[in-house]
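Colleague: Hi! Could you walk me through this one before I set anything up?
Modeller: Happy to, have a look at it first.

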Amino acid sequence: MTSEHATDAVLAQDMLTQDTRDILRVDRVSVTLSGRRVLDEVSFTIGAGQFTGLIGPNGAGKTTLLRVILGLQRPGSGQVAILGKPRDPRRTPIGYVPQKVLLDDDLPMRARDLIALGIDGHRYGLRRRSARRAEAVREMLHAVDADRFADARVGNLSGGEQQRVLIAHALISRPRLLLLDEPLANLDLRSGQEIISLLARLTREQQIAVLLSAHEMNPLLPVMDHVVYLAAGRAASGTTREVVRSEVLSALYGHHVDVLEVGGRVLVVAGPDDATMADAAGAG
Ligand SMILES: Nc1ncnc2c1ncn2[C@@H]1O[C@H](COP(=O)(O)OP(=O)(O)OP(=O)(O)O)[C@@H](O)[C@H]1O
Ligand SMILES: [Mg+2]
């Protein structure tokens with residue numbers, strides 16, 4: 001083999017490793033709803049063990065993008081691949097914690113029952129012994145630190161406790177990809193931080209790929225490997241340092257935006273002529 005061929009082989013090998021490590025690939029996805037282009041050629045990838053923040057102001061298209069990945073919304077153009085193949089939810093279970101989950105106070109369901117509902121018949125087999133199901137639920141309760149309220153009614157749990165149960169529900173079928181839509185929206189600072197560090201630990205331990213949407217990026221800065229920043233349907237992606245810069249975000253928003261770092265926090269601030277612009281990162 002000539003040295004040139006050897007180099008080719010090394011490059012091909014590199015590309016192979018790269019590809020198989022990509023759990024999610026979103027390729028030039030566009031969506032138009034009621035005549036409005038909600039997503040415009042959005043592309044990014046997420047690898048195993050990677051924590052990605054999907055950041056953007058209200059109406060930026062975060063939920064729409066998650067729905068496309070889940071197969072609940074057909075894109076007008078573009079593709080979604082999971083583990084290198086076109087998305088097939090039967091073969092590649094995706095964990096999902098939706099933005100709006102209303103758990104009625106009177107719902108006669110314990111935390112452990114709700115988690116058990118997440119057990120995927122395809123994966124575990126419908127005849128899976130109930131003892132093994134109960135064991136899987138116990139492991140999951142422990143993983144999300146929810147043992148102490150395992151037998152409480154879900155409707156009576158606090159927002160942070162419910163969030164843990166919903167994460168366990170989404171993870172019990174061992175998905176490679178976990179999507180969470182604004183899981184921090186109704187949590188106080190401390191509960192939010194606990195959920196974030198819990199997710200960061202599970203991402204590493206289970207080598208899953210996590211995509212978490214939020215309009216506030218500061219709580220995610222300590223754990224976020226990558227950011228997909230959405231504004232007006234368009235996306236910039238990369239490491240936080242690559243994306244959260246004045247030039248990049250100004251181009252994305254289509255007008256001047258300043259990025260300030262104050263005491264370890266990042267603030268995204270609109271120019272003086274558009275002071276009311278939704279602040280994607282600043283508040284909170
Ligand atoms: N079914 C629909 N028909 C028409 N427009 C829609 C539909 N669903 C969403 N939209 C619009 O698409 C845009 C993006 O909505 P989306 O829910 O994805 O935003 P988001 O980033 O999740 O916002 P938020 O932070 O408020 O949750 C919004 O302007 C919304 O009004
Ligand atoms: Mg949303």
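Colleague: Let's start in the strands. Which residue stands opposite Leu178 in β7?
Modeller: That's Gly95, which sits across from Leu178 of β7. Keep in mind as we go that this is a predicted model.

Colleague: Good to know. How many bridges join β6 to β7, and do they run parallel or antiparallel?
Modeller: There are four bridges between β6 and β7, and the two strands run parallel.

Colleague: And what about β7 with β8, how many bridges there?
Modeller: Five bridges link β7 to β8, which covers residues 209-214, and that pair is parallel too. As an example, Leu179 has Leu211 of β8 as its bridge partner.

Colleague: Are the faces of β7 covered or open?
Modeller: Both faces are covered. Leu177, Leu179 and Asp181 lie on one side, Leu178 and Leu180 on the other, and all of them are buried. That is five of five residues buried for β7.

Colleague: Nice. What does α6 pack against?
Modeller: Its buried residues pack against β7 (177-181), β6 (94-97), α3 (111-116), α5 (130-143) and α7 (189-206).

Colleague: How many of the α6 residues are buried?
Modeller: Ten of the 13, so I'd call the helix mostly covered. Among them are Gln162, Arg164, Leu166 and His169.

Colleague: And what's its span from end to end?
Modeller: From first C-alpha to last, α6 reaches 18 Å, close to the 18 Å expected for its 13 residues at 1.5 Å a residue.

Colleague: I've got my eye on Glu161. Where is it?
Modeller: Glu161 belongs to helix α6, residues 159-171.

Colleague: Why does Glu161 count as partly exposed?
Modeller: Because Glu161 has 19 C-beta neighbours inside 10 Å, whereas a residue needs 20 or more to count as buried.

Colleague: Switching topic: which residues come nearest to ligand 1?
Modeller: Leu33, Asn58, Lys62, Thr63 and Thr64, out of 13 residues around ligand 1. Helix α2, residues 62-70, gives the most to that shell, with three residues.

Colleague: How does the shell divide into nonpolar, polar and charged?
Modeller: Nine polar, three nonpolar and one charged.

Colleague: You mentioned Leu33. What's its bridge partner in β2?
Modeller: Arg36 is the partner of Leu33. Strand β1, residues 22-33, pairs with β2 over eight bridges in the antiparallel sense.

Colleague: What's the strand order in that sheet?
Modeller: β2-β1-β4-β5, four strands in an open sheet with antiparallel pairing. β2 (36-47) and β5 (85-86) are the edge strands, each with a single partner, so one side of each has no neighbour in the sheet.

Colleague: How should I treat coordinates where pLDDT is low?
Modeller: Where pLDDT is low, the predicted coordinates should not be read in detail.

Terms used. Residues numbered from 1 in each chain as written. Chains lettered and ligands numbered in written order. Predicted model: local features only at pLDDT ≥ 70, side-chain atom pairs only at ≥ 80, totals over all residues. Buried ≥ 20, exposed ≤ 12 C-beta atoms within 10 Å, placed from the backbone. Near = placed C-beta within 6 Å. Nonpolar A, V, L, I, M, F, W, Y, C, P; charged D, E, K, R; others polar. Expected span 1.5 Å × (residues − 1). Contact = placed C-beta atoms within 7 Å. Pairing = 2+ DSSP bridges.
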